[in-house]
Amino acid sequence: MTTLFIDKSTIHGSVGVLALAFALSACLGNLGGVDGAPPEGASGTSGSSSGGGPGTVIPGEALECNANAVDPGPSPMRLLSREQYLNTVRDLVGDVPGLEAALGPANEASAFGLVQPDVTQVELEHFQAAADVIAAAIASDPARLGDIAPCEAGAEPRACARQMVVSFGARAYRAPITDAADIDRHLGLFGVGAETSYEHGIEMLLRGMLQSPRFLYRVEIGTSEKVSERAVKLSPHEVAARLSYTLWGTLPDARLNEAIEDGSLTTREGVAAQVGWMLEDERGKQLLHRFLGSWTHLNGLYGVVKDEGAFPEWQSRSFRESLRGQADAFFDHVLHEQGGALRALFTSTTVFYNKDLGGYYGVTGGDAFQALERADGTASGLLTLPALLAVQAKPAESSPIYRGRFVREALLCQQLPAPPANIPKPPEVDASSSTRERLAQHEVDPSCSGCHQLLDPIGFGFEHYDALGRYRELDGGRPVDASGKVVATRDMNGEFVGVAELGEKLAGSAEVEECVARQWFRFAIARFEQDMDGCSMERLLETFRAAGQDLNALPRAVVETDAFLYRRAIDAGAHAKEMP
């Protein structure tokens, strides 16, 4: 993480600002430690065929809990996501015109637990451009400048800037700034700009602070208070930041800061007590929506391409927004009307429609979403959400492969082997043949059958739904055959017909229940579960089960785990790396 600002002195010519911004990070060293990736062969890894050949599926292995050896696992520094960055800036300084354009497009991993990639040069330029836009907006607005860096007439400008570093920095960095040398490093930026004016000095200071790793990353050092040989407590400020970014996607607010001051965040019970009111906040109400949208890959909906000739309606952003809105209406229904029941997520017969989507169900809709019961076997919770089915399909046809893989990886947490290098070209779409017929080669070709026996038989159960998730009775002029089969699972093997029967299998599976807990852990902790997480996973899963598989219980369950409450001590000798 110490290389964040290397080679940026050439960008926009801001040599002085960047050199000093770089120096602001000198006290951090290398805080990442282990990067959060599972060791080779660990449960939950993705994208590797280690441990299995063609046709071998590697399920998530049970993790053992050793309550006498508390180990929270790795706590890698996490770069703020684009959404977190925008939320944080909004809560720090208010709305900033032009910020989203300066920050550039999102470039975030869609799978939970993936190792965070290195920051690219393009992303560095976007961070600098964003910092420049924010700083200029504040420095040019006397009211905003007065809020962030007030300086009464006759006051010594450097003293005003010092106060701004302490007060603004504590919020921006999510931790107090108390070291005199650290404050002086910040004031070096102010001094460069103050040769022109106080306003310009504050602008330069803001530009540096908003590019510091302490702002862009969620930095955690921990305390000297040991919980075990492998764990130390986090500081109250670090706990507050974990809570606020996990539950809200932004920095702590005034009420959380009060909890820091009164000692509420020093115990497991005190931390858990914050969850209720935080979830009642408007920001907290979106948490499980964010999880469900990420888990089901719906966040990639707007980037999906469909054949313009076959699906002209897809070219309308309004149509795609309706698909996502429908999914959110369904998630709301499950979380609030169905008690958050995992079973309802897979088997609910309630669908939602508006004017764009009424045609899916043979009705006419209006601007608002309306609920409709579909007791004819064509609706089965998220499995028949058009948005999900469209994402898990090809541009011009359905895809049993994509849909089968989604069930294996997202709902069963199974690791699939990597595809071979010599994959044959897929058959062309032919209006006179069904998708199932075109994939028949997978059953007889030895180079295909080993892997596709895990995917296609599950995916065929979705064949009543086309590439836009619309129900159909015919495919290629032939009646749809939606019979399927599940193999290589712990408790749901067997044949089924159609998505409704598959939904019942999933709803009754302990393997699926465990996978939901794993996926939530990956989402909330931002890494894969590993061997040392046995106690954290056991606590999380027990809480979920005790709540009757209520998805609403997941947030409280995770904040009570060792992985959330503690971190490993930083080995300064092994990891510290001073910057020039």
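1. A quick word on terms: a residue counts as buried under 20% relative accessible area, exposed over 50%, and partly exposed in between, using a 1.4 Å probe and protein chains only.

2. Some ground rules before the rest. This is a predicted model, where local features need pLDDT of at least 70 and side-chain atom pairs count only at pLDDT 80 or more, while totals for chains, interfaces and linings use all residues. Residues are numbered from 1 along each chain as its sequence is written, and side-chain values use heavy atoms, with hydrogens and water left out.

3. Back to D184: its partner is R162, in a salt bridge whose closest N and O atoms are 3.2 Å apart. (A salt bridge here is a side-chain nitrogen of Lys or Arg within 4 Å of a carboxyl oxygen of Asp or Glu.) The pair links distant parts of the chain, 22 residues apart, with R162 in helix α6 (residues 157–172) and D184 in helix α7 (residues 180–194). Helices are DSSP runs of H or I, at least four residues, numbered from the N terminus. R162 is also partly exposed, at 33% relative accessibility.

4. Now look at D562 and R268, whose side chains meet in a salt bridge at 3.3 Å, N to O. D562 is buried at 11% relative accessible area, whereas R268 is partly exposed at 21%.

5. E100 and R82 make another salt bridge, 3.7 Å from N to O. E100 sits in helix α3 (residues 99–103) and R82 in helix α2 (residues 82–93), 18 residues apart. R82 is partly exposed, with 21% relative accessibility.

6. The structure holds 34 salt bridges. There is also a network of them, linking R90, D91, D253, D281 and R283.

7. Lastly, helix packing. Helix α13 (residues 287–295) packs on helix α22 (residues 510–525) at about 110°, axes 11 Å apart; axes are lines fitted to C-alpha atoms over the stretch in contact, and angles run from 0 to 180 degrees between N-to-C directions. So α13 is roughly perpendicular to α22, a label for angles of 65 to 115 degrees. On the α13 side, the contact (heavy atoms within 4.5 Å) uses L287, L288, R290, F291, S294 and W295, and α22 brings V516, Q519, W520 and F523. Sorted by type, the residues of this contact are seven nonpolar, two polar and one charged, where Ala, Val, Leu, Ile, Met, Phe, Trp, Tyr, Cys and Pro count as nonpolar, Asp, Glu, Lys and Arg as charged, and the others as polar.

How values were computed
Helix = DSSP H or I, 4+ residues; strand = E, 2+ residues; numbered from the N terminus. Parallel < 35°, antiparallel > 145°, perpendicular 65-115°, else oblique.
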